[in-house]
Amino acid sequence: MTTTIEVPTATQVHRATQAGIAHKKKARASRALVLPALVFSVILTQVPFLVTIYFSLLNWNQLRPSEIKFAWFKNYAVVFTGPDFLPSLFATVVITGSSVILSLLLGLFFAVLLDRKFVGRGLARTLMITPFLVMPAAAALIWKWSLLDVNVGMVNWALHLVGLSAIAWNTDLPVVTIIMMLTWQYTPFMMLILLAGLQSQSREVLEAASVDGAGPWRTFQWMTLPHLRQYIEIATLLGSIMLLQAFDPIAIMTKGTGGTKTLSYLLYERAFIGLDVGQAAAFGVVTVAVTIGVATIALRTLFKVFINGGER
Amino acid sequence: MRKIRSTLITAATWVLVAIFFFPIAWMVFTSLKTEGDAASIPPKFIAALSFDQYAIVFNRGMGSYLLNSLTASVGSTLLVLLLAIPAAYALSIRPIKRVQDVLFFFISTRFLPAAASILPVFFILKTIGALDNITALGLLYAAMNLPIAVWMMRSFFNEVPLEIVEAAQIDGANLRTELVRVVLPILLPGIAAVALICFIFSWNEYFLATLLTTFQARTTPPFLASFVDGRGQFLAVLSAASTLAVLPVIIAGWVAQKQLVRGLAMGAVK
């Protein structure tokens, strides 16, 4: 018996190294493809944020540009002990939280309604997504002057029809006004994502459930809702991120009065009306911290999806 | 019995959809009225219609603001596609280490509110004399939209069957031909979706536009906001200006509804 030791032939070795080189080449080419996007993103978003942190440590008022001094954490002390921060944080939480919850519930409701087969479903869906397409600044103006105005607004006219007295929405109920506006705008977005979820449900399983005698409500509760969970989570995450940054309706409708001064509006006021750059930067950093706080809670879920979606 | 219930639900659905759509329909209707009719209470549901308000809006120079919006939105969208398509391609099809980390980085920049960077951006632009500059605004919009674009684009790339790419590689297609000839045509609907979403976000952006532009480069949203001075009657002319401002995006959204929905759902879920 002869034992043969497998010695790779020269060609095999050559091929293997070639494959290795090819792989390395490919990897390098791939990195070259990602790099421009990465660099662009870092320069325009991360670097300015680092500079914001630096600004937040300065004593810098635009009225006295010659007196810029390093102030360590003085601005943060002002932020946390001052009278503005807590109400502003509260306003942010109330406005973002209510709008997310309301638009999510309404979005789910509309998604279920528009998932049914009925006459003109396509048109109904088209009309329903439109509020999300409308420029928020234009929507805020139309709501403020044409719908909610105390004298000529349609909503007040409708209230009058049912025997209620007119409401000066912007000044009497500013928080409600902003939440209403944001809910109107974000319900279609939530609906779109949830509708995609409903449509990805397997029809056969639902039919089987109905054959087995499960009523529509039970089927919804035990099969559809669990299936939708992932979609609800993502809709909540994306909705929260976008709504946390909502600025347009507040700037246009209430100017931050009556409990609508959210963190992003407060920052704007400090920097561009109050002219205190250092303090505004500190507010900016705190705003980011709050956003990250909200996002991390939601991100854990997202990350799960990420891992699942990351492999192919 | 079942049929009656179903009809009732359909009717209720239509009523609710009509309520949601009402503000937009009312805006368009008001824009065609005279100022007197627009401000009348009880509201006039039948009125003489004309395009006079649109003429007034253009006389106040809205054309140049619309043009600025168009420049910033189209320019930034093209730049985003140019950067996002290769990046997403590498993240999906080409071997690269730490795909997760890179993806995570991109999406995390989206969580950074504009508040995080607006101050340095403002002072840097002021120093280099690029405030009120449409190119600067477009670049910022590109940075704002890039993460979503990479993320969405990658989900579309994930749908390209690997066999096709491999077949192209065996054929000896080099990187560029592989990307341009083989993968791109399959992706066109996805690219359209990403482009549309980037366009919408840029066109509607208000915060940066208000702070970084004054006159030369001012886009439509801040122009609209400064349009109302609260004196006299302005409802009809405001509605006309708003209709013009929202029309391009609404039409684009309606025409490309399928892509839009697919894009949002894909970007969101995958």
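Author: Helices, as the word is used here, are DSSP runs of type H or I with at least four residues, while strands are E runs of at least two, both numbered from the N terminus. By that definition, residues 231-252 of chain A are 86% helix and 0% strand, with 32 Å between the end C-alpha atoms. The model is a predicted one.

Chain A contains 13 helices and 2 strands. Of its 312 residues, 49% count as buried. Among the contacts in chain A with a separation of 6 or more, 68% join residues 24 or more positions apart. Carbon and sulfur atoms hold 68% of the accessible surface of chain A, which comes to about 15600 Å².

An unreviewed UniProt entry lists residues 33-57, 89-114, 126-145, 231-252 and 272-299 of chain A under "transmembrane region". Another, residues 33-57 of chain A, is 92% helix and 0% strand, and its end C-alpha atoms lie 37 Å apart.

The largest pocket holds about 1300 Å³ of space. It is lined by 28 residues, of which A:Val112, A:Asp115, A:Arg116, A:Leu206 and A:Pro216 are the closest to its centre. Two or more lining residues come from each of these elements of chain A: helix H3 (85-115), helix H4 (121-133), helix H8 (174-199), helix H9 (203-211) and helix H10 (216-244). Helix H1 (2-31) of chain B also gives two or more, and the lining therefore draws on both chains, with helices as defined by DSSP runs. H3(A) provides the largest share of this lining, 6 residues. By class, the lining of the largest pocket comprises 12 nonpolar, 7 polar and 9 charged residues.

The largest cavity has about 850 Å³ of space. Of the 37 residues that line the largest cavity, those closest to its centre are A:Gln245, B:Arg110, B:Ala114, B:Met144 and B:Glu205. Helix H7 of chain B, residues 134-157, gives the most to this lining, with 5 residues. The classes in the lining of the largest cavity are 26 nonpolar, 8 polar and 3 charged residues, beside the 12, 7 and 9 of the largest pocket.

Definitions and conventions. Residues numbered from 1 in each chain as written. Chains lettered and ligands numbered in written order. Predicted model: local features only at pLDDT ≥ 70, side-chain atom pairs only at ≥ 80, totals over all residues. Heavy atoms only, no water. Buried < 20%, exposed > 50% of the residue type's maximum accessible area, 1.4 Å probe, protein only. Contact = heavy atoms within 4.5 Å. Areas by Shrake-Rupley, 256 points an atom, 1.4 Å probe, with all protein chains shown as cover. UniProt positions renumbered as here; feature names shortened; annotations may be inferred. 1 Å grid on protein atoms, 1.4 Å probe; cavity = no way out; pocket = protein on both sides within 12 Å on 5 of 7 lines; lining within 4 Å. Points joined across faces, edges and corners; volume = space filled by probe spheres on them. Nonpolar A, V, L, I, M, F, W, Y, C, P; charged D, E, K, R; others polar.
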